[in-house]
Amino acid sequence: MGGLAHKVAAAISKETRLIMRDREALLILFIMPIAFVVIMSLALQDAFSERAGVHFPLLIVNRDQGAVGRAIVSAFSTSKFFAVHVADAHDHAPMPDANEVRKDLVAGHYEFAIVVPVDATRQAVTRIQQRLGLAQHQLPVALPVKLQLMADPTIRADHRELVAAALNRILQRIESQMLLKQIAQVGRRITAATGGGPGVPALRAPKTMDAFAELSAGSEMAGGAGVPIPTSVQQNAPAWTLLAMFFLVVPLSVTFIKERQQGSLIRLQSMPVPAWVMLAGKIAPYFVINQIQVTIIFLVGKYVLPHLGGEALEIGHAPEAIALVSMAASLAAIGFGLVVATFARTQEQATTFGATSVLILAAIGGVMVPKLVMPSLLQKVANISPLSWGLDGFLDIFVRGGGVHQVIPAVAKMMTFAAICFVIAAVRFRIVLRRG
């Protein structure tokens with residue numbers, strides 16, 4: 001057992017020396033992601049754009065049985081930007097309460113939710129009538145209808161603002177229609193009466209017209225109290241960290257091919273060293289490099305970026321979950337790197353295919369463009385990328401306030417991917433050793 005441990009330690013020491021020989025390449029593995037995190041976080045901090053591919057799953061909890069609730073449901077249902085699910089009071093089914101709606105949002109079942117309160121239509125009509133002087137003066141003044149707009153905490157701030165603006169426009173249209181309806185009713189009553197006789201109310205135009213509804217967002221837009229609103233650095237820090245972790249495919253495969261070209265593998269073949277020991281020697285140093293990358297980039301996001309005018313990285317309250325996702329992502333990245341290294345025949349093949357494949361996985365995995373703004377087809381394709389799994393795991397911690405339990409699905413996918421890659425790399429490595 002001691003001899004085997006010594007062989008593993010010797011393999012690790014050998015690989016570490018190879019890595020340290022090219023210190024410039026090693027330095028790039030740390031500088032590149034830091035530069036991208038700083039640049040992209042600052043550049044996208046105040047980004048605002050309405051993209052044609054945006055499609056929001058929306059839950060409308062319609063507790064109202066009148067025109068206001070129906071108009072809101074109709075307006076969003078006819079929009080191409082929303083996939084609407086309605087929980088309606090007319091269905092006589094149990095209506096979800098605020099806590100259940102929040103849970104659905106945090107779980108990612110919907111991206112937005114609108115709650116229309118009970119008797120919204122009656123309250124809106126009464127308020128408009130009072131403002132026009134059509135209601136009995138002894139009635140208490142009707143308060144504005146309180147609508148709630150909630151959002152998945154991972155939703156970009158500009159998209160929350162777009163949906164809030166859309167809802168406000170819908171409410172303004174409903175208000176205009178109700179005003180015209182009330183004025184039309186007065187006109188019919190005047191026409192039916194003679195000379196504005198008794199029973200015909202005088203129409204009073206107020207100097208200011210208060211809105212019949214108020215949009216309640218506040219902490220609800222963040223998915224509940226205590227859950228931070230996502231920032232650009234919460235997207236970019238883990239995203240570019242994962243890209244840097246997977247980019248080790250280039251130095252890993254290059255050093256492997258150098259060993260083959262220099263005859264090191266032939267010498268190793270003559271030694272009683274199992275193939276898995278030599279692979280373990282390659283895994284350990286890069287695993288340490290990955291963990292250093294994660295630590296440095298997150299520290300830069302938390303402590304350096306605010307001094308450059310950006311927002312500080314909020315990493316949640318589950319360091320053990322961060323470590324778990326980081327380790328799983330590292331093993332997935334190293335496994336992928338070993339597969340490329342064992343199959344590539346030249347350094348050119350390794351660097352070209354390795355870098356290109358990682359960039360493609362990053363592009364479809366939500367690293368360069370957030371998955372939220374992708375068309376629905378690409379959002380489904382993103383699920384095949386291990387970078388997407390890692391990013392989902394980090395966002396579950398940073399934004400949704402999750403812990404170990406919440407990141408288990410993402411970690412399981414990455415560990416399965418890593419295991420498959422290690423098996424493929426080990427089989428291919430034995431073939432390479434036999435061929436010399």
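Is Phe298 buried or exposed, and at what relative accessibility? Select Phe298: at 8% relative accessibility, this residue counts as buried (buried means under 20% relative accessible area, exposed over 50%, partly exposed in between, with a 1.4 Å probe and protein chains only).

The model is predicted, so local features need pLDDT of at least 70 and side-chain atom pairs count only at pLDDT 80 or more, while totals for chains, interfaces and linings use all residues. Residues are numbered from 1 along each chain as its sequence is written, and side-chain values use heavy atoms, leaving out hydrogens and water.

Next, look at the aromatic pairs (ring centres of Phe, Tyr or the six-membered ring of Trp within 6.5 Å; planes under 30 degrees apart are stacked, over 60 edge-to-face, the rest tilted). The count by this rule is nine. Select Phe76 and Phe82, an edge-to-face pair with centres 5.0 Å apart and 90 degrees between the planes. Both residues are buried.

Phe298 belongs to helix H10 (residues 275–304) and Phe398 to helix H14 (residues 386–398), 100 residues apart (helices are DSSP runs of H or I, at least four residues, and strands runs of E, at least two, numbered from the N terminus). Phe398 is buried at 1%.

Finally, select Leu147 in strand S4 (residues 145–151). Its C-alpha is 5.4 Å from that of Val116, 31 residues away in sequence.
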